[in-house]
Amino acid sequence: MTTVLGVFARTPPLDDELVVALFEDQAPALLRAVRLMVDDPQDAEEIVQEAFAKLLTSRKRMRQLENAPAYLRSATFNLARDHLRRRGSARRKQHLLSAEEHAVSAETIVARQAQNNDVVAALRLLPERQRECLVLRYFMALSEAEIADTLAISKGSVKTHTSRGMAALQATLGAER
Amino acid sequence: MNEEQLRKALHDASGEVRPQREMLHRAQLQAAHRRRRRDTATAAVGGALLTAVVLVGIGPLGGSNDPTSPPGSPGTTEVQLATRLEATEPVGRTEQTTQRPSLLVGAAASGRLVMIDPVTGKTKRLLAKLDEGTLAGGLSLSPSSDRLYFDVRGEDTCQSEIRSISTSGGEVTVVADGANPALAQDGRLLALSRRRGCGAAAAVVVRDISSGTERVVADGATIGASDVAALSWSANGRQLLIDFRFDNGRPNRLTVVEADGSSTLETAIVLGPSSDAAVNTVWEWGSFVDNDTVLVSERCCATNDGNSETSRMLLVDIAGRVETVVANGNLRKTHTRMSADQSGQHLLYLSGQDLMASDFGSRPAPLAAGLVGATWR
């Protein structure tokens, strides 16, 4: 680890092998998790990309490489939450920002249809914390402590949100079937 | 549904995704760009503090409480800016609440020149009212923000006139024939484009504000350019970025020339996508953000219905490398009038007639509507 820290103590070159390894290790799961929460794959990509940009911007964080996965998770979920709030706000104000600044491609529509199953639809109806806890728990397989760290909430809250989210999901899916 | 079923459903629903390495590359470019900006801001603050210590003769700890420093002075703004940068950087949020420029001026399609609240986007004050459709959209504020230069279409649509008005109101005065006014950072030189009627070539002229003397720094006739869409100065005042336009469907040409007129258009830097980008990709409406970074509107591959297949707002360096993707544009709208504030941190552009604002490269948000031009300082 000393070697790793030594490398990142200097300004890392753009094609640094460690950054690439980190990306290949973390990005697929993060991208899949975000795609469960936002309905546009392009937005999901931008969110994960932005999380990496934030990590890479901070020399301090680059020196704490062992914390990088946790930081990336945290940043990604914060960004996804911001995105959903902004989108909701924009729709309320009828600014149509999502449609306007992110016009939908045919590829996006196909991807949306592929994703558009009952579980994801029900998941997206949940309050944001419940949705995040379920994704982190059952998709990313994190422990309650790790979820608490990621979302900056207590373990007790994680338990509450997870169990309420699960119950709501079951109720929604049960009512539909 | 039990936990195991949910786990499987989520895995199935999220699909197999393999993020492209390009994503990482873009993130690295964004990060490099932000680090450079932050370092520049920090250096500027360090310099300002050092100057304050030397000039005022106070200790570093007492500097921030200097009661003689006006709240809106450039030094204070820089300090606040950098402090907020250090304090808020990176927290995993796209929207930063850092202070925006204090003065935002817009030219409305209705012919109104208005002061706009930079945060809420609401109109604060009417500066002048001209006939509907006469404002061409070129705007430039003096360094002290006390005077606004703007362009007005003439009866002959190929000719226009630059006028100016005090930002506190008053009489509109005629400055010169021309369009796309752009004041240098020192406020002494005004760059403008000029064409002598339809069919004539466009030239870029630098005019000394106080003496009225002019010199041509780029003559579009040498490359057959018929018009200029945008004009901006580099932060150090040494170069001009010109968006030349051509008749007969020829693509535009984004060119960097020396402001002292020492370069020729045949040998000047032409800014465009690298060769591995799509053949039909165009960069247009460029505006300098600092000395070597430019905000451009990129569009690619016009379709039969006249729309673009892709549209992005990019920060690029003058070697043509993309540093940051600021936004994906609406394919149904044209994206024009790129501009940045003095710090280069706060960006503006028009999406159709909607004014979009981006702070620190974050995703832009709509600020106001019905505009043909806007600038802030």
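This is a predicted model: local features need pLDDT of at least 70, side-chain atom pairs count only at pLDDT 80 or more; totals for chains, interfaces and linings use all residues.
On the side of chain B that touches chain A, at least two residues each come from the helices α1 (3–14) and α2 (21–56) and from the strands β19 (322–328), β21 (346–351) and β22 (354–359). The largest contribution to this side is that of α2(B), with 12 residues. By class, the residues of chain B that face chain A comprise 19 nonpolar, 14 polar and 16 charged.

The extent of the interface was also computed. In total, 49 residues of chain B contact 56 residues of chain A. The area buried between the chains amounts to about 5000 Å², with carbon and sulfur atoms giving 54% of that area.

The model contains 4 cavities of 30 Å³ or more, and the largest cavity holds about 550 Å³ of space. This cavity is lined by 33 residues, of which S232(B), S287(B), S339(B), A340(B) and T375(B) are the closest to its centre. Six strands of chain B, namely β4 (135–141), β8 (179–183), β12 (227–233), β16 (282–288), β20 (335–340) and β24 (371–376), each supply at least two residues of the lining. Among the contributors, β4(B) gives the most, with 5 residues. The lining of the largest cavity divides into 17 nonpolar, 12 polar and 4 charged residues.

Technical notes. Residues are numbered from 1 along each chain as its sequence is written. Chains are lettered from A and ligands numbered from 1 in the order in which they are written. Side-chain values use heavy atoms; hydrogens and water are left out. Contact means heavy atoms within 4.5 Å. Buried area is the accessible area (1.4 Å probe) that two parts lose on being put together, summed over both. Helices (H or I, at least four residues) and strands (E, at least two) are DSSP runs, numbered from the N terminus. Ala, Val, Leu, Ile, Met, Phe, Trp, Tyr, Cys and Pro count as nonpolar, Asp, Glu, Lys and Arg as charged, and the others, Gly among them, as polar. On a 1 Å grid over the protein atoms alone, a cavity is a set of points where a 1.4 Å probe fits but cannot get out, and a pocket is an open set with protein on both sides within 12 Å along at least five of seven lines; lining residues have an atom within 4 Å of a point. Grid points are joined across faces, edges and corners, and a volume is the space filled by probe spheres set on the points.
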